[in-house]
Amino acid sequence: MRYLPIFLAMLIAGCGSEGPETSGPSEPTSVVETPVVVTEVLEVVELDPDSGLKMTGDWMLVRSNCVPCHSAALITQQRGDAEQWLGMIRWMQEKQNLWQFDPDTEARIVAYLAENYAPEPNRRRAALPADQMPPNPYSTPSAETGP
Ligand code: HEC
């Protein structure tokens, strides 16, 4: 897991350095756009090497408020919608000495949790039809002839 940032850095650096060599004058943008497309399709979100939290949105707010008492694994293995996450927070506030949050902080924590650790059926959208997929830079010519 610790190598993911390095890998991503190499991937991005690699794409960048290809620019001058491979891009002809006709299509300079395709090389630049590739990393963005890959990120969206695979929904790659880097994980914090220490906590395992998804490093997106208000994750640092969650790290500072939700990891002091227990491992973040309790969070990352849990799933819930906003109401369910708020219920767990209320339970910890009642029974486990969790402090009160100001409304804005609480809303941001719950939004992060509900978005990144949502109930399973909502976690993945259906795969795109083949004809809506972006070009795969690694595919062989035969694989590219779709329907
Ligand atoms: C003041 C200490 C404390 C803080 C801060 C804290 N928790 Fe907890 N939490 C607990 C305790 C104690 C448990 C019960 C641990 C156990 O069962 O071993 C727990 C359990 C949990 C569980 C498991 C609940 C279940 O039903 O299995 C989740 C999920 C969780 N916490 C999420 C969070 C989130 C999200 C935050 C930040 C908003 C947070 N915790 C902050 C004390 C805390």
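Is Asn97 buried or exposed? Asn97 is exposed, because 8 other C-beta atoms lie within 10 Å, where exposed stands for 12 or fewer such neighbours, buried for 20 or more and partly exposed for the range in between, with C-beta atoms placed from the backbone. The views below come from a predicted model, in which local features need pLDDT of at least 70 and side-chain atom pairs count only at pLDDT 80 or more, while totals for chains, interfaces and linings use all residues. Residues are numbered from 1 along each chain as its sequence is written.

**View 1. The chain as a whole has seven helices and zero strands.** From the N terminus on, the elements run α-α-α-α-α-α-α; helices are DSSP runs of H or I with at least four residues, strands are E runs of at least two, and both are numbered from the N terminus. Of the 147 residues in the chain, 7% are buried. Among the contacts between residues at least 6 apart in sequence, 55% join residues at least 24 apart, a contact being a pair of residues whose C-beta atoms, placed from the backbone, lie within 7 Å.

**View 2. Helix H5 (residues 82–95) packs with helix H6 (residues 103–116) at an angle of about 125 degrees, with their axes 8 Å apart.** That angle makes H5 oblique to H6, since angles under 35 degrees count as roughly parallel, over 145 as roughly antiparallel, 65 to 115 as roughly perpendicular and the rest as oblique. Axes here are lines fitted to C-alpha atoms, for helices over the stretch in contact, and angles run from 0 to 180 degrees between N-to-C directions. Ala82, Trp85 and Leu86 of H5 make the contact with Val110, Leu113 and Ala114 of H6. By class, this contact of H5 with H6 has six nonpolar, no polar and no charged residues, where Ala, Val, Leu, Ile, Met, Phe, Trp, Tyr, Cys and Pro count as nonpolar, Asp, Glu, Lys and Arg as charged, and the others, Gly among them, as polar.

**View 3. Glu83 and Ile89 both belong to helix H5.** Glu83 is exposed, with 9 other C-beta atoms within 10 Å, and its C-alpha lies 8.5 Å from that of Ala114, although 31 residues separate Glu83 and Ala114 in sequence. Ile89 is partly exposed, with 19 other C-beta atoms within 10 Å; the C-alpha atoms of Ile89 and Trp99, ten residues apart in sequence, are 9.5 Å apart in space.

**View 4. Asn97 sits in the loop between H5 and H6.** Although Asn97 is not a glycine, this residue has a positive phi of about 70 degrees.

**View 5. The axes of H3 and H6 come within 9 Å and cross at roughly 105 degrees.** The two helices, H3 and H6, are therefore roughly perpendicular to each other. On the H3 side the contact involves Trp59, Leu61, Val62 and Asn65, which meet Thr105, Arg108, Ile109, Tyr112 and Leu113 in H6. By class, the contact of H3 with H6 has six nonpolar, two polar and one charged residues.

**View 6. The ligand has 16 residues around it, of which Cys66, Cys69, Leu74, Gln78 and Gln96 come nearest.** A residue is near a molecule if its C-beta atom, placed from the backbone, lies within 6 Å of it. Helix H3 (59–66), helix H4 (73–76), H5 and H6 are the elements that give two or more residues to this shell, and its largest share, three residues, comes from H5. The shell residues divide into eleven nonpolar, five polar and no charged.

Technical notes:
Contact = placed C-beta atoms within 7 Å.
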